[in-house]
4 protein chains.
Amino acid sequence: MISFENDYLEGAHERILHRLIATNMIQEAGYGEDDFSAQAAEKIKSAIACPDATIRFLVGGTQTNQIVIDSVLQPYEGVIAAETGHISTHEAGAIEFSGHKVLSLPAKEGKIKAEDVDNLVETFYQDANYQHMVFPGMVYISYPTEYGTLYSKKELEALAAVCQKHKIPLYLDGARLGYGLASPSADVTIQDIARLCDIFYIGGTKIGALCGEAIVFTKNNEPKNFTTLIKQHGALLAKGRLIGIQFLELFSDNLYFDISQHAIDMAMKLKTGMLAKGYQQYLDSPTNQQFFVMPNEKINELQEKIKFARWEKYDDTRQIVRFATCWATKEENIDALLALL
Amino acid sequence: MISFENDYLEGAHERILHRLIATNMIQEAGYGEDDFSAQAAEKIKSAIACPDATIRFLVGGTQTNQIVIDSVLQPYEGVIAAETGHISTHEAGAIEFSGHKVLSLPAKEGKIKAEDVDNLVETFYQDANYQHMVFPGMVYISYPTEYGTLYSKKELEALAAVCQKHKIPLYLDGARLGYGLASPSADVTIQDIARLCDIFYIGGTKIGALCGEAIVFTKNNEPKNFTTLIKQHGALLAKGRLIGIQFLELFSDNLYFDISQHAIDMAMKLKTGMLAKGYQQYLDSPTNQQFFVMPNEKINELQEKIKFARWEKYDDTRQIVRFATCWATKEENIDALLALL
Amino acid sequence: MISFENDYLEGAHERILHRLIATNMIQEAGYGEDDFSAQAAEKIKSAIACPDATIRFLVGGTQTNQIVIDSVLQPYEGVIAAETGHISTHEAGAIEFSGHKVLSLPAKEGKIKAEDVDNLVETFYQDANYQHMVFPGMVYISYPTEYGTLYSKKELEALAAVCQKHKIPLYLDGARLGYGLASPSADVTIQDIARLCDIFYIGGTKIGALCGEAIVFTKNNEPKNFTTLIKQHGALLAKGRLIGIQFLELFSDNLYFDISQHAIDMAMKLKTGMLAKGYQQYLDSPTNQQFFVMPNEKINELQEKIKFARWEKYDDTRQIVRFATCWATKEENIDALLALL
Amino acid sequence: MISFENDYLEGAHERILHRLIATNMIQEAGYGEDDFSAQAAEKIKSAIACPDATIRFLVGGTQTNQIVIDSVLQPYEGVIAAETGHISTHEAGAIEFSGHKVLSLPAKEGKIKAEDVDNLVETFYQDANYQHMVFPGMVYISYPTEYGTLYSKKELEALAAVCQKHKIPLYLDGARLGYGLASPSADVTIQDIARLCDIFYIGGTKIGALCGEAIVFTKNNEPKNFTTLIKQHGALLAKGRLIGIQFLELFSDNLYFDISQHAIDMAMKLKTGMLAKGYQQYLDSPTNQQFFVMPNEKINELQEKIKFARWEKYDDTRQIVRFATCWATKEENIDALLALL
């Protein structure tokens, strides 16, 4: 059955698999000390125009969020995030597991506002009892957000400015970074992201890789003994080459950006097609996740032929559903979906 | 340069890579809910002759140890292990990071004794202050051990009996399980392991896979909500298929055992060759890791042409070195090494 | 300077000090195994009409909340609480420090609603991704709340019913329990509390003791090896007698309830007096904490002569202030305050 | 029944109780911000001749060890301690609970050697895999040790020198500090302790107080936001005055040292008496804990009339027993004990 259920349904882009085969019997050092990882890091640093960045590779997104946040925060600090953010809702308490509170802010279409961050931090330090409270120690955002929406350059600059003002790092979860940057609505480049964020990660799992995320520390700010911290969190991959090779390929010949563009093209076709058929958007997502409000009956009927995600209840007769495209989405499947609607 | 530095120098067995390619565009559910993982679990249950076992796949060894131990222990419990055990020494405190003490026992050639376990538990409960102490809640062993040695069936049965007596689970770290089972000295089968241990894991990373370990709960004893616990530890792989497919292939047509046998054959050739040339064993390892005592001078000379691991200081003029073979070791490289000695 | 800043400004009720002196040289076992603690437990069980209860004594409130919540929850569970609850805001992340998320609910005057709890739990289990989320594992309320308000018997019964329905414990933080029960608005007794809650604690620190809180497990539900868990949290008092003796005295001759009544009488006098002088209540608190909206200018002027707490900003020219009475409040000080207004 | 079971059998020195009564109704700020705590800190700084020290008061010993160690260590660091040290054996894993490994060293009569520390740290950094291991981040010792023995000034200076060499702090657990300093065998003063240690604590619970320990940071090295860290560990006492007042009294008119001397005098009388009666010392303790090897039969007989602690098994017919004296020990009780032997 054709599925739009999420953006990690297939394996990896074929160029990645070929590269794995081509390099397979080369003996390399473990734990990310291999040459492939070093080359991949150089490629990324070049792509983001940030020669001083430090690049580290981890396996998955929640792992990356947990390790970055736990390693960067002081024990008395928490991380500010949208109440709808991934770390707030869908990581099974991985941040709290490592001892830190998520300080949640109200979100609109998945986004938080610089002024709300500013207000939270100002209010904190004005409170006579602030020593009895969790210190705001970092701002977490994702690009795109959980709802597929994008921060504008102006919004990102405002967030970066507030973080600088309060000397707390801005961390951007880029699990779907490519899909954000490839959107027609995006007005930032990956270089802008690198310039504005203190830390971010470039998602591989959802964009062509079997697994893997690339953390970027942009300001000479890799935590001390980070390898040991990764190991301690159980996340140091013996064959670090596995991720290194994948990112080396993703950042060769623009692959990462090209396949991201494909997913966005497919998403736009899907969106246009569904709007043309009169379906109601839940919100206007400019990226690879498309949210619609659909009658329960229609959902049940459609799910006999197509897989997609029931997101949340809208009202008694309708639910919000999500269709996700990705690097591997076939145009014929979009056609098939639209034909069924 | 030829390397015997460890057993995770190359990528994956080519059959695994081919299977990844063959299955690449099949859309599958995430988080280990895919069909490949289900099929791999069936293959493993059949191989271990334990139809009621639950199989779960994780990415790496330290991660597996951390999650199993933290999920199975009560908060007031620690895990008994050899003072030379992997969790005691080389996991950067991953067990303590999740709140549990490693209760270390003296080890001989990497192995602990059932009677020492029994004594530790007996002594604990006889202590008037035991409520102020860490409860012994699990026994951790590895097969083979950090020194490549093997528990005999009798020793394993004794450990299992002590664990049963005290109602604490026996957990076996099988990062190199295949290399243990393929050894000419092994007197246990994987079915014996499944019968005697409450939990064990079958190592993939060091035996043919790009990554991946298969946890086996043999006694209907998978921790409640284990998926959530895995997620909380940051270890739930989105594309769980990546590990499922690898284990499916490893447990097809005896691949796992065949390639383990190859590594052992190479190790025995290396051992015999070095003994013939008069090199002194540090201990007589029957598996894929061979430890020798070598003069510092000779080490320096040899390391210009061959990579291998300096293990620890032996005396002022000599060190213990380790040569590791694996599924990918080429016989010609053993020949080259022996020619250089 | 006279202070109404909080309810832990003085030492202890003189009867407690005399009991400490009277018992001082009696040799007793440590760690809560002393006879005084045993007697105090009996007195409490009798007062709450719950003969099967287990009573444990700890030093302070945040400590108690942390240990109870961490000991009762499974690792994959969080605790539901008002977004204004003490554990949500003023315990420096002590709950998250021990690995658990606080699942916050909107609160009105410090109180949460049974239907909101029900809805949260229902929604959780209906979510297709609930395994990736923090399980709701306990409900935390306080009586009185952070704003001095009280749950009615009906509201408590509704919360208890929802907790029973979902098989999660109801835990009541009684840091100021006596002040709640002594309020003219209270329609529950301590026996009701014991009947409706699975766990609660009777606050001593704020009600006559030097330190100490009495945890009550009402349903044969003390966590296994709780002494060890307390020790592990660093909270096992060597001279447990110190708390045992204090609660023994507090629960002799109705002392706990009598001194609670005094605090409420003083609070009502303060409230009536301030209302008579035209001061605006922030909300109508029926207990020992009285919140008023006061012009900044008036606050500054008054604070030269009287201490009280600035609670939070109300608008640009006014703040919410808090006056707290307690067991030790002198009526002449209330008179002095009212004379100054 | 007369008891020598431990050194926390009675309440508090009567001068402390009188001071609590005398100050009882004075209104003071909470959380250690009271004047009594400030005065006590000044008294201690003067007594230790370390005007720049920071003093903080906590309730108990395990709590103090946990908070100091967790607050000072980096997450990737562990603490070096004797394998017989209190944190290694009798704190229920409180150090591991907060995420840190205890790196244990062999001990002789409870003491570790500077050269063993030096060797551990040197070996660590020479290890090719040190990034996969727990970093040595602190040295923990106690004075007196678990066996009542004392480090000589020379030994302490050697430990301090090694710590300085490796830039890791030396932390001294002084639960029984007074009893160590008052020993005829002690060749250090409290000023020496303050000079040689980076952090230490002065035990109150076992030396005259109801509860309370005074942490001393001697080198302007109090952890940032330490109040918040204490709160997060559940250990911030609302009525901080309770400990402040006690230490104020203990450090007035030499009380702490005088009552320590009494305990030592009693211990020496007990030791001399028992030796005279032919009892065999387990080791020659110069402080308030006296260890003897006693036939099981004699133990059973004696325990019908006197309480004391069975320490550990010596051989099949004998056990090691401990008699502890303290500030409150009555000379007549020593006489009674000796009469019974």
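A definition before anything else: two residues count as in contact if their C-beta atoms, placed from the backbone, lie within 7 Å. Please also keep in mind that this is a predicted model.

Start with chains B and C. Chain C is superposed on chain B by a rotation of 180 degrees, with 0.0 Å of shift along the axis and an RMSD of 0.0 Å. The two copies are thus related as by a two-fold rotation axis. Now to the surfaces. Of the interface residues of chain C, 100% are also interface residues in chain B, so the copies meet through the same surface.

Next, chains C and D. How many residues does each chain bring to this contact? Chain D gives 43 residues and chain C gives 42 residues. On the side of chain D that touches chain C, at least two residues come from each of helix H1 (14-22), helix H3 (61-72), helix H5 (94-97) and helix H10 (226-232). Sorted by class, that side of chain D holds 20 nonpolar, 17 polar and six charged residues.

Last, a helix pair inside chain D. The axes of helix H2 (residues 35-47) and helix H11 (residues 241-250) of chain D come within 8 Å and cross at roughly 35 degrees. The crossing of H2(D) with H11(D) is left-handed. From H2(D), the residues involved are Phe36(D), Ser37(D), Gln39(D), Ala40(D), Lys43(D) and Ile44(D); they meet Arg241(D), Gly244(D), Ile245(D), Phe247(D) and Leu248(D) of H11(D). By class, this contact between H2(D) and H11(D) has six nonpolar, three polar and two charged residues.

Key:
Residues numbered from 1 in each chain as written. Chains lettered and ligands numbered in written order. Predicted model: local features only at pLDDT ≥ 70, side-chain atom pairs only at ≥ 80, totals over all residues. Least-squares fit on C-alpha atoms with pLDDT ≥ 70 in both. Helix = DSSP H or I, 4+ residues; strand = E, 2+ residues; numbered from the N terminus. Nonpolar A, V, L, I, M, F, W, Y, C, P; charged D, E, K, R; others polar. Axes fitted to C-alpha atoms, helices over the stretch in contact; angles between N-to-C directions. Left-handed = near helix turned anticlockwise from the far one by under 90°.
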